[in-house]
Amino acid sequence: LARLSATIGNYNTLEARGVVSGPLTDTVAGRFSVATRNHDGYNTNLNTGNDVDDLSSVALRGALDIDVSDTVNLVLSADSYRRRGAGANRHAINIGNPAFAAAAGPDARHNYLVDDGRQDTDTSGVSARLEWDSPFGTVTSITAYRTNEADIALDLGGNRFSRVPGEITAPFGNSNAIQESAEQYSQEFRLGN
């Protein structure tokens with residue numbers, strides 16, 4: 001079995017999905033899928049002239065279903081996801097202060113981000129599920145490992161901000177940076193009828 005689909009749209013949007021699955025031998029079946037999504041930025045940072053809110057992502061997933069014996073089945077699976085993109089759009093709201101009016105940008109699709117920022121994420125995992133039809137019930141073991149890396153930088157105000165005296169800017173600037181790394185390991189045992 002094999003399937004492929006694609007979608008195109010404005011902002012140079014391209015989405016594609018594909019999957020292939022079926023028996024590899026008499027006792028092993030496999031499945032593999034891939035999905036991508038890409039589009040240009042929806043908004044513009046007037047400080048740099050670059051688009052923000054863009055996206056480039058790819059997701060992969062694979063699995064093997066193995067009949068080890070008449071009473072033992074093993075499923076091995078793995079997945080991975082990678083996302084890259086500039087930061088999110090922020091547009092300052094004019095609260096009646098002339099500095100905000102000068103610093104907010106001409107409309108909601110344009111901003112004055114300190115920099116373009118980033119929204120980068122990598123996550124992946126593997127797992128093994130073993131089932132044994134034993135004389136005293138079905139024994140199930142699930143072993144899994146997952147990792148996640150995130151590097152995110154966002155300007156929360158989106159307004160023109162400068163510490164140079166005399167320049168017309170908003171009265172404050174605010175940005176946020178997040179770097180995160182996580183690992184998770186799990187082991188589960190079950191006994192059922």
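Colleague: What share of the 193 residues of the chain counts as buried?

Modeller: Keep in mind that this is a predicted model. Burial is read from relative accessible area, and buried means under 20%. Here 29% of the 193 residues count as buried. The chain exposes about 12,000 Å². Carbon and sulfur atoms supply 54% of that area.

Colleague: How many helices and strands are there in the chain?

Modeller: Take the elements one by one along the sequence. The chain has one helix and eleven strands. Its pattern reads β-β-β-β-β-β-β-α-β-β-β-β.

Colleague: How many bridges pair β9 with β10?

Modeller: Two strands pair if at least two bridges are found between them. Strand β9 covers residues 118-134, and strand β10 covers residues 137-155. They pair in the antiparallel sense over 17 bridges.

Colleague: What part of the contacts joins residues 24 or more positions apart?

Modeller: Look at contacts with a separation of 6 or more. In this chain, 60% of them join residues 24 or more positions apart.

Colleague: Is Ser 57 buried or exposed?

Modeller: Compare its relative accessible area with the cut-off. Buried means under 20%. Ser 57 has 10%, so Ser 57 is buried. Ser 57 is found in strand β6.

Colleague: Which residues is Ser 57 in contact with?

Modeller: Set aside the neighbours within four places in sequence. Ser 57 then contacts Ala 35, Thr 36, Arg 37, Asn 38, Tyr 81, Arg 82 and Arg 83. Now take Glu 15, which is 42 residues from Ser 57 in sequence. Their C-alpha atoms are 9.5 Å apart.

Colleague: How much space lies in the largest pocket, and which residues lie nearest its centre?

Modeller: Take the volume, then the lining. The largest pocket holds about 260 Å³ of space. Its lining has 16 residues. Ser 33, Val 34, Ala 35, Ala 59 and Arg 61 lie nearest the centre. The elements giving two or more residues to the lining are β1, β2, β3, β6 and β7. Strand β3 gives the most, with four residues.

Conventions:
Residues are numbered from 1 along each chain as its sequence is written. This is a predicted model: local features need pLDDT of at least 70, side-chain atom pairs count only at pLDDT 80 or more; totals for chains, interfaces and linings use all residues. Side-chain values use heavy atoms; hydrogens and water are left out. Buried means under 20% relative accessible area, exposed over 50%, partly exposed in between (1.4 Å probe, protein chains only). Contact means heavy atoms within 4.5 Å. Accessible areas come from the Shrake-Rupley method with a 1.4 Å probe; for residues, only the protein chains shown count as cover. On a 1 Å grid over the protein atoms alone, a cavity is a set of points where a 1.4 Å probe fits but cannot get out, and a pocket is an open set with protein on both sides within 12 Å along at least five of seven lines; lining residues have an atom within 4 Å of a point. Grid points are joined across faces, edges and corners, and a volume is the space filled by probe spheres set on the points.
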